Amino acid sequence: ALMAILLKIMGARRYLEIGTFTGYSALTAALALPPDGQVVAIDLNRGYTEAAKQYWRAANVADKIIVHLGPAKDVLDQMIAEKAPPFDFVFIDAEKVGYPDYFEWAIANLQDGGVIAAHNAFRGGGILDSNNRDETNQAMQAFNRLVAQNPMLISTIFPAGDGTLIAVKN
């Protein structure tokens, strides 16, 4: 619901999701976008996205959602090559070690005033333990610092659930 509210407030038309899983957030975005809005969803797993398509069809928003299957980095590079228009909102919820790369791509391909949101910013509290050597927790610690230190952004972590980092591009 938070993303739907943000999308409505900002009048977003183009939404990118890196990591779709079963399609809940893509569905939420598609319902919040105007009739001519577009959701671009990226995931590696065909089984998950096929399941998601059933829900999208049932909600009558399947025509708003374009699915790309494959490694996110490859799909994002393809979008650059095809000169895809910038996005209003980018939601990152894929493998955590890739977050810094997805973030850099998002900054370069986001409208001014656009929003980047990233799920699992707290990693179950693991990011607070500086002695935790888990690769995923270290990646999220580095990602959170990267965003917080970026002068092009205003950012915070919304503390519900496992935390969602939200940043607005100045």
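Ala, Val, Leu, Ile, Met, Phe, Trp, Tyr, Cys and Pro count here as nonpolar, Asp, Glu, Lys and Arg as charged, and the others, Gly among them, as polar. By that scheme, the lining of the largest pocket holds eight nonpolar, eight polar and two charged residues. The model is predicted.

**Largest pocket**

- The volume of the largest pocket is about 450 Å³.
- Its lining is made up of 18 residues, and M3, Y24, S25, F91 and H119 are the closest to the pocket centre.
- The element that gives the most to the lining is α2, with three residues.

**Nonpolar cores**

- The largest nonpolar core has 29 residues, and the members that touch the most others are L16, I18 and M79.
- At least two residues of this core come from each of the strands β1 (14-18), β2 (38-43), β4 (87-92), β5 (110-119) and β7 (164-169), and likewise from each of the helices α4 (72-81), α5 (99-108) and α6 (135-148).
- With six residues, α5 gives the most to the core.
- Apart from this core lies another, of 22 residues, and its members include A12, A32, V39 and V115.

**Contacts of I18**

- I18 is one of the residues that touch the most other members of the largest core.
- Beyond its neighbours within four places in sequence, I18 is in contact with I42, A72, L76, V90, F91, I92, D93, A94 and Y102.
- F91, one of these contacts of I18, is also among the residues closest to the centre of the largest pocket.

- Most residues other than glycine have a negative phi.
- F21, which is not a glycine, has a positive phi, near 55°.
- F21 sits in the loop between β1 and α2.
- F21 has a relative accessible area of 47%, so the residue counts as partly exposed, since exposed means over 50% and buried means under 20%.
- K83 also has a positive phi, near 55°, and is likewise a residue other than glycine.
- The loop that holds K83 runs between α4 and β4.
- K83 is exposed, because its relative accessible area is 71% and the cut-off for exposed is over 50%.

Definitions and conventions
Residues are numbered from 1 along each chain as its sequence is written. This is a predicted model: local features need pLDDT of at least 70, side-chain atom pairs count only at pLDDT 80 or more; totals for chains, interfaces and linings use all residues. Side-chain values use heavy atoms; hydrogens and water are left out. A nonpolar core is a set of buried Ala, Val, Leu, Ile, Met, Phe, Trp, Tyr and Cys residues joined through side-chain atoms within 4.5 Å. Buried means under 20% relative accessible area, exposed over 50%, partly exposed in between (1.4 Å probe, protein chains only). Helices (H or I, at least four residues) and strands (E, at least two) are DSSP runs, numbered from the N terminus. Contact means heavy atoms within 4.5 Å. On a 1 Å grid over the protein atoms alone, a cavity is a set of points where a 1.4 Å probe fits but cannot get out, and a pocket is an open set with protein on both sides within 12 Å along at least five of seven lines; lining residues have an atom within 4 Å of a point. Grid points are joined across faces, edges and corners, and a volume is the space filled by probe spheres set on the points.
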